[in-house]
Amino acid sequence: MPYKCGFEFEYVLVDSSQRIRDFTSLDFRELDRALADGEGTEDDSLTRGDLSIKSGYWYLEGDERFGPDGTFLDLRVKGAEVRTPIAGTLTGAADHLLRLQNDLEARLAPLGLGLGIVGFHPTLTEYRIEPPLNDWERAMRAEHHEYGYANVSNVSFGPDVNLSFPGLNADGVVDLTRKLTHYSPYLVPFSFSSPFFDGGPWGGPSRRTYERTWRRVAARCFVEREPAPSVEPVFVYRPRVPAERGRIEFKAYDAFLSRAHLLAGAALVLGVCLSDELPGRDDVPSRELHQLAAARAFDSPGIADGAAEVLEAARTALAGLPDEAELLRPFADLLDRGRTPADDLLDAYARTGRTFHQGGLR
């Protein structure tokens, strides 16, 4: 089945001393002006958000705050996001991402800032919504579910793997989204990169998954239908631009630390979508299984067995796409060794005290 793809990737911002800079120390409007007029501002396939502040192939990401009358006041910046134009291959999308990442790094350098990668903020204990939400903000967040749980989303980071399958109808799109939601606990350990909290190890490989992937969706899709009123978190959305119609977004991965692992993660999602061997379907992500995976990863026999199942099913499904199948190789190695990327971060922490990956994808 032919496919189209793209990536969205979140980065932390770091200063010359390799300290994370965020809503505690960044001025949104000043930084936004410095990064304005980047590439992609004329790309009609991109959404721009209600405020049109998500313009182009990169933009600042964070928690939007409004006045009592709905006037936009501030963005509590958590970092920067790069998104790629639509591509016809996974490697093509990754090439776009690295080029845009390098362009963003060049724009940040005169400001004394650079990029870093982490799945969950390694030193903060929480993001406090200050000042408290006003009545307008509470009503808006109740209506627009993507604003929910800002206390978690504004300290967590990860990629969106975006796929679409030309010719697949709305029922098929929703079915694949439900499949990804079911198997998410077995996909995500390959990405785990958030073993730190409050300045040190917290006891498991993914604080992000433990806190986030059950409060918020594992996958969502954009089709012309209304979401089921009883399903929370909401995973069906109406397209905001024509290019979004039929898009599936897998949103549960931790932040990948390398290009090879990002491509393996995308190939795994693609293979799960194409597989005829995976019958599981769910509307909402399992809190129990995600938290088990977050705490134990491949040390849990059930999680390890599920990861092996989805990896083999993806490999079989991608037999007709040998280039994509080959991208899975790094994950087979991780599973064989019972390791996640979080183990590499913990090793670096033992040597240097560093709690995140410095620089961008390489």
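The model is a predicted one, in which local features need pLDDT of at least 70, side-chain atom pairs count only at pLDDT 80 or more, and totals for chains, interfaces and linings use all residues. Residues are numbered from 1 along each chain as its sequence is written, and side-chain values use heavy atoms, with hydrogens and water left out. Helices (H or I, at least four residues) and strands (E, at least two) are DSSP runs, numbered from the N terminus.

Strand β1 spans residues 4-15. Eleven of its twelve residues are buried, so the strand is mostly covered. Buried here means under 20% relative accessible area, exposed means over 50%, and partly exposed lies in between (1.4 Å probe, protein chains only). Strands are taken to pair if DSSP finds at least two bridges between them. β1 runs antiparallel to β6 (residues 160-164), and five bridges join the two. The pairing of β1 with β4 is also antiparallel, over four bridges. Within it, E8 stands opposite R83 of β4. β1 and β5 pair in the antiparallel sense, again over four bridges. There, L113 of β5 is the bridge partner of D15. Two bridges join β1 to the antiparallel strand β2 (residues 20-21). L13 has R21 of β2 as its bridge partner. β1 and β2 form a hairpin with four residues between them. In its turn, Q18 has a positive phi of about 60 degrees.

Strand β3 covers residues 58-66. This strand is mostly covered, with nine of its nine residues buried. β3 pairs with β4 (residues 72-83) in the antiparallel sense, over nine bridges. F66 stands opposite F72 of β4. The two strands form a hairpin with five residues between them. G70, in the turn, has a positive phi of about 90 degrees.

E137 lies in helix α3 (residues 135-143). E137 counts as buried because its relative accessibility is 0%. Contact is defined as heavy atoms within 4.5 Å. Leaving aside residues up to four places away in sequence, E137 touches E64, R65, F66 and P132.

Two helix pairs involving α7 were examined. Two packed helices are described by the angle between their axes and the distance between the axes. Axes are lines fitted to C-alpha atoms, for helices over the stretch in contact, and angles run from 0 to 180 degrees between N-to-C directions. Helix α5 (residues 170-187) packs on helix α7 (residues 259-274) at an angle of about 130 degrees, with the axes 10 Å apart. That makes α5 oblique to α7. Angles under 35 degrees count as roughly parallel, over 145 as roughly antiparallel, 65 to 115 as roughly perpendicular, and the rest as oblique. The crossing of α5 and α7 is right-handed. A crossing is left-handed if the near helix is turned anticlockwise from the far one by less than a right angle, and right-handed if clockwise. L176, K179, L180 and L187 of α5 make the contact with L268, V269, V272 and C273 of α7.

Helix α2 (residues 90-108) also meets α7. Their axes come within 10 Å and cross at roughly 140 degrees. This crossing, too, is right-handed. On the α2 side, the contact is made by L90, T91, A94, D95, L97 and L98. On the α7 side, R259, L262, L263, A266, A267 and L270 take part.

The structure holds zero disulfides, a disulfide being a pair of cysteine sulfur atoms within 2.5 Å. C221 is in no disulfide, and the nearest cysteine sulfur, that of C273, is 11 Å away. C221 is buried, at a relative accessible area of 0%. C273 is likewise in no disulfide. C273 is buried, at 6%.

Backbone geometry stands out at several loop positions. The peptide bond from E130 to P131 is cis, with omega near -5 degrees. P131 sits in the loop between β5 (113-117) and α3. The bond from E232 to P233 is cis as well, with omega near 5 degrees. P233 lies between β9 (219-222) and β10 (236-237), in a loop. D198 is a residue other than glycine with a positive phi, near 60 degrees. D198 falls in the loop between β7 (196-197) and β8 (200-201). A297 is not a glycine, yet has a positive phi of about 50 degrees. A297 belongs to the loop between α8 (287-296) and α9 (301-317). A297 is buried, with a relative accessible area of 5%.
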